[in-house]
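Let's take a friendly walk through a protein model, stopping at a few spots worth a look. Have the structure open beside you and follow along.

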Amino acid sequence: MAKQAQTAITPTRNEDYPEWYQQVVKAADLAETSPVRGCMVIKPWGYAIWENIQRDLDRRFKETGHKNAYFPLFIPMSFLQKEADHVEGFAKECAVVTHSRLEADEDGKLQPAGPLEEPLIVRPTSETIIGELFSKWVQSYRDLPLLINQWANVVRWEMRTRLFLRTAEFLWQEGHTVHATSEEAMAETRQMLEVYADFAENYMAMPVITGEKTEAERFPGADATFAIEAMMQDRKALQAGTSHFLGQNFAKSSNIKYLSAEGKEEFAWTTSWGVSTRLVGGLIMTHSDDDGLVLPPRIAPSHVVIIPVTPKEATRQQVLDYCLELKEQLQAQYYMDGRVRVEYDDRDIRGGEKAWGWIKKGIPLRVEVGPRDMEAGNVFVGRRDRAPKDKQSIPREQFVAGIGDLLDEMQAGMLAKAKAFRKEHTREITTEADFIDFFTPKNSEQPEIHGGFASMGFCCDSALEDKIAKQYKVTVRCIPNATVDEVVPCVFTGKPGKRVIFAKSY
């Protein structure tokens, strides 16, 4: 019997994908559960990834004319009630503040006191309160377009949580814009979707499909919702970002009007769009392996870790000096929009423990330097996109000079690998029997990884979509922009339909 390969993460992806995910998060020291049920503590390495996401997206938002602002965490309950579909969509997830202070009872235990005249909702999303402010900021066509973004936290009272993917509190950005015409608002909606798609593919190396949601999956209160959908390694879809054309619905409920150039009072057209720390979960599940986290260089908190190997005290200081000089040389090099980010690990622990720690954290390049490497003017390099034992000796000056090209090669390779995986597990479905077979595991008691993206015709009937979702736990992820004009027969009814992507999802 062949000996099973040892892995740093147990169980493996194939053995228990949900538990594998949790163990990758733990081994990379990204986050942990908090004392508050359903919430998470994002630790420095995980938060550094989020900061890099923020930094690049914030640059893109500002390049497209948006400005940052901040709005209250608390929303009066009456604001949510102004837009009926909106309140219905979020009612079950709302956290509600009903009192203003605490007082000690007879036993000395703190109890809520000072009931509020009106309950406050802890922000699940900000359309209603931002709409209230926009109604004051917008008076004339000269005030438009109004292009605002907010970096914030939100609360949605989830019952079943998973770090980064679904927690009661999470971090995000939410863009909110106001326009004079429907055409301008729709152009904004599509533009921001493309910003997200470009970021996901070229920064996160996570290929996505852009498309419109069906009515059943639409954001509450929107006229149209568009999304980027990515395939994870368990072949499920992850909705990684959304952009909403809100029409005049929120403008009417919040009374956002403007005086046109012709002197006529008009209701404005609005949009909203957002991504969250769920992107970190998507990053983990797109690239990581059974040895831990794997990070694309463009998003990694650090690009290189230098690990001195000092078996003899006689050469220890020389090796350390060599490593520190190497660190300075690498930090002087540029990659993307900044300098190469370098870690220097001289902790007093075993070299193997250091190396495996960084493998599990997903750092792109590990550089080990011992006395022999120093004498030869070399470095011993391991790439995270290759097997842990696949390391090579490279002349130091060559490594330093070529660091940017090497990181770009790794970035491109990771995107190509993810695209190939998605292509392998995307199938064109033409019959209901094939649909059922594609999404039915062979082992119902311990379902294996199965399914993927089903590209197929669908009549977009909401009742049928709901029935399919309940029966097979499969939903329409989007109507892809690339094939939006295609008319194909519905696999279930034979009626003319749209080409859609069905998948199991997070």
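Phenylalanine 71 has a relative accessible area of 3%, which is under the 20% cut-off, so phenylalanine 71 counts as buried. Keep in mind, here and below, that this is a predicted model. Which residue forms an aromatic pair with phenylalanine 71? The partner is tryptophan 137, and the pair is tilted, with 5.8 Å from centre to centre and 35° between the planes.

The two partners come from distant parts of the chain, 66 residues apart. Phenylalanine 71 sits in the loop between strand S3 (67-68) and strand S4 (74-76), while tryptophan 137 belongs to helix H5 (residues 127-137). Tryptophan 137 has a relative accessible area of 40%, so it is partly exposed.

How many aromatic pairs does a search of the whole structure find? It finds 22. One of them joins tryptophan 45 and tryptophan 358 edge-to-face, at 5.9 Å centre to centre and with 70° between the planes. Tryptophan 45 is in helix H2 (residues 44-63) and tryptophan 358 is in helix H10 (residues 351-361), so this pair ties together parts that lie 313 residues apart in sequence.

Are these two tryptophans buried or exposed? Tryptophan 45 counts as buried at 8% relative accessibility, and tryptophan 358 counts as buried at 10%. Elsewhere, you can find one aromatic cluster formed by Phe435, Phe438, Phe439, Phe458, Tyr472, Phe492 and Phe502.

## Helices that cross

Now look at helix H1 (residues 17-27) and helix H8 (residues 278-287), which pack at an angle of about 110° with their axes 11 Å apart. H1 and H8 are therefore roughly perpendicular to each other, and their crossing is right-handed. On the H1 side, the contact is made by Tyr17, Trp20, Tyr21, Val24 and Val25; on the H8 side, by Gly281, Ile284 and Met285. Sorted by class, this contact has 7 nonpolar residues, 1 polar residue and no charged ones.

H2 also takes part in a crossing: its axis and that of helix H6 (residues 182-202) come within 11 Å and cross at roughly 145°. H2 passes H6 in a right-handed crossing. Here the contact involves Ile53, Asp56, Leu57, Arg60 and Phe61 of H2, together with Met192, Val195, Tyr196, Asp198 and Phe199 of H6. By class, the contact of H2 with H6 has 7 nonpolar, no polar and 3 charged residues.

## A stop at arginine 190

Helix H6 also holds arginine 190, which is partly exposed, with a relative accessible area of 39%. Which residues does arginine 190 touch, not counting those up to four places away in sequence? They are Phe226 and Asn481. By contrast, alanine 152 is 38 residues from arginine 190 in sequence and 23 Å away in space, C-alpha to C-alpha.

Most residues other than glycine have a negative phi, and most peptide bonds are trans. Aspartate 29, in the loop between H1 and strand S1 (31-33), has a positive phi of about 55° although it is not a glycine. Cysteine 460 has a positive phi of about 65°, and you will find cysteine 460 in the loop between strand S23 (453-458) and helix H15 (462-472).

Where are the cis peptide bonds to look for? One runs from threonine 10 to proline 11, with omega near -5°, and proline 11 lies in the segment before H1. Another joins leucine 144 and proline 145, with omega about -5°; proline 145 is in the loop between H5 and strand S7 (146-155).

Note on methods:
Residues numbered from 1 in each chain as written. Predicted model: local features only at pLDDT ≥ 70, side-chain atom pairs only at ≥ 80, totals over all residues. Heavy atoms only, no water. Axes fitted to C-alpha atoms, helices over the stretch in contact; angles between N-to-C directions. Helix = DSSP H or I, 4+ residues; strand = E, 2+ residues; numbered from the N terminus. Parallel < 35°, antiparallel > 145°, perpendicular 65-115°, else oblique. Left-handed = near helix turned anticlockwise from the far one by under 90°. Contact = heavy atoms within 4.5 Å. Nonpolar A, V, L, I, M, F, W, Y, C, P; charged D, E, K, R; others polar. Phe/Tyr/Trp six-rings, centres within 6.5 Å; stacked < 30°, edge-to-face > 60°. Buried < 20%, exposed > 50% of the residue type's maximum accessible area, 1.4 Å probe, protein only.
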